[in-house]
2 protein chains.
Amino acid sequence: MTEDAPFFDPAFAAQLESLLHWRRDVRHFDRRAVPEADMDDLLRCACLAPSVGNSQPWRFVRLRSAAIRTMLASHIDDESAKASLRYAEQEQRDHYRSLKLHGVREAPELMAVFCDGHPSAGHGLGIATMPEMLRYSTVLAIHNLWLAARVRGIGVGWVSILDPQAVTTMLDVPAHWSLIALLCIGYPAELSATPELEQRGWQAREPWADRLFER
Amino acid sequence: MTEDAPFFDPAFAAQLESLLHWRRDVRHFDRRAVPEADMDDLLRCACLAPSVGNSQPWRFVRLRSAAIRTMLASHIDDESAKASLRYAEQEQRDHYRSLKLHGVREAPELMAVFCDGHPSAGHGLGIATMPEMLRYSTVLAIHNLWLAARVRGIGVGWVSILDPQAVTTMLDVPAHWSLIALLCIGYPAELSATPELEQRGWQAREPWADRLFER
């Protein structure tokens, strides 16, 4: 059966591409609170993501504790300082250190996203040979959230400069959950079609045709 | 600087949510070819995805060889038969076997998506403690492709019932690439807002609020 499906016209396709262009990884937030209704919208859209076996393995943990926020920010700064030592050249190390890599202290909302490695839903379909599909499904949900945020003028920053095991312990979640992302959510200080790392000369976008091969 | 950014209105937000609702994992394709211009659009949109350190680690391999397609389809059927043995109860095993889990033989386009584990772009930013961020970035690109496809009426099916190492060998790609997805791309035989696994009684969607926790 084909249900009464919506038709998406070329104007909408163009607007979607514009949304993809203008979605940024945000590290500079203003302090305005995100309305509760918008937070609900973001999570509802996140959970429309595809998942292997329809297992819906994503687990969103909204962080409200100021103490946890402080701990997380210190942990990330420590990990970032350690990571800077991987750059042997002083110039690149200084460049790395000059980048603002997260807004954990300022973002009005912090969301830790976990993957349940043993979800009750899905009955194991599709993960016999690729158990990582559960984690990939969780990433898809994060991307839905990200786009649903941007369309509302809300920015998201994905922080990965952290020890996922340390953060999992900090947040006291079930042992079979693994951390996929720590998200900073709030209104961005500025809007741009250019990634911040490109603006700051770290790494520019490369032509998409360079990513295409054939067999 | 805030550039001349587009404004996304509530009508567009609603349409985006409708797109998320109507994006399906497609296993039934008709045979109409996908226009080349659309294939370009899909890849261009895919490469607008966020990536850790702006490393753009995604590598798309468009499969044109009929021999490779046949090999892949057999491999997946074998793996699926093996996976069915994981269901101890006969009823569930029969249910699993009754599901159509891929359209590798019929889909007009097959795309293997790899992650380059040592991309020249990005200079290692953000992967000191979470090297898996490269793979997650590749998943984000796949999701962009998926949405860009659906908005054009084109369906995508993500096949994970395969041995990623075997497929990597089959496709003769660099050793530091790892397989993230095999995608079937083409026009879907039907449109639905309900996941096929839900239609067939395997696994329904669960309320999003069940996926939300607080700390």
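In this predicted model, Tyr87(B) is buried, with a relative accessible area of 7%. Tyr96(B) is also buried, at 2% relative accessible area. Both values count as buried because they fall under 20%.

These two tyrosines belong to the aromatic side of the structure. Over all chains, 18 aromatic pairs are present. In the pair formed by Tyr87(B) and Tyr96(B), the ring centres lie 5.3 Å apart and the planes meet at 35 degrees, so the arrangement is tilted. The class follows because stacked planes are under 30 degrees apart and edge-to-face planes over 60.

Ser80(B) is a contact of one of these tyrosines. Ser80(B) lies in helix 3 of chain B, which covers residues 66-84. Its relative accessibility is 15%, so Ser80(B) counts as buried. With residues up to four places away in sequence set aside, Ser80(B) touches Tyr96(B), Leu101(B) and Ile161(B).

Nonpolar packing was examined next. In soluble globular proteins, nonpolar side chains tend to be buried together. Here the largest nonpolar core has 141 residues. Trp158(A) and Trp158(B) have the most contacts inside this core. A second, separate core has nine residues. Among them are Ala83(B), Tyr87(B), Tyr96(B) and Leu101(B). The tilted tyrosine pair is thus found in this second core.

Trp158(A) has contacts in both chains. Neighbours within four places in sequence are left aside here. In chain A, its contacts are Asp25(A), Val139(A), Ile142(A), Trp146(A), Ile180(A), Ala181(A), Leu182(A) and Leu183(A). In chain B, Trp158(A) contacts Met133(B), Tyr136(B) and Leu140(B).

Trp158(A) also takes part in an aromatic cluster. Ring pairs join Tyr136(A), Trp146(A) and Trp158(A) with Tyr136(B), Trp146(B) and Trp158(B). The cluster therefore holds residues of both chains. Arg32(A) is placed over the face of Tyr187(A), with 4.1 Å to the ring centre.

The relation between the chains was then considered. Two copies of a chain are related by a rotation about an axis and a shift along it. For chain A on chain B, the rotation is 180 degrees and the shift along the axis is 0.0 Å, with an RMSD of 0.0 Å. That is the relation of a two-fold axis. Of the interface residues of chain A, 100% are also interface residues in chain B, so the copies meet through the same surface.

Conventions
Residues are numbered from 1 along each chain as its sequence is written. Chains are lettered from A and ligands numbered from 1 in the order in which they are written. This is a predicted model: local features need pLDDT of at least 70, side-chain atom pairs count only at pLDDT 80 or more; totals for chains, interfaces and linings use all residues. Side-chain values use heavy atoms; hydrogens and water are left out. Rings of Phe, Tyr and Trp (its six-membered ring) pair if their centres lie within 6.5 Å; planes under 30 degrees apart count as stacked, over 60 as edge-to-face and the rest as tilted. Buried means under 20% relative accessible area, exposed over 50%, partly exposed in between (1.4 Å probe, protein chains only). A charge sits over a ring if NZ of Lys or CZ of Arg is within 6 Å of the ring centre and within 35 degrees of the ring normal. Copies are superposed by least squares on the C-alpha atoms of residues with pLDDT of at least 70 in both. Contact means heavy atoms within 4.5 Å. Helices (H or I, at least four residues) and strands (E, at least two) are DSSP runs, numbered from the N terminus. A nonpolar core is a set of buried Ala, Val, Leu, Ile, Met, Phe, Trp, Tyr and Cys residues joined through side-chain atoms within 4.5 Å.
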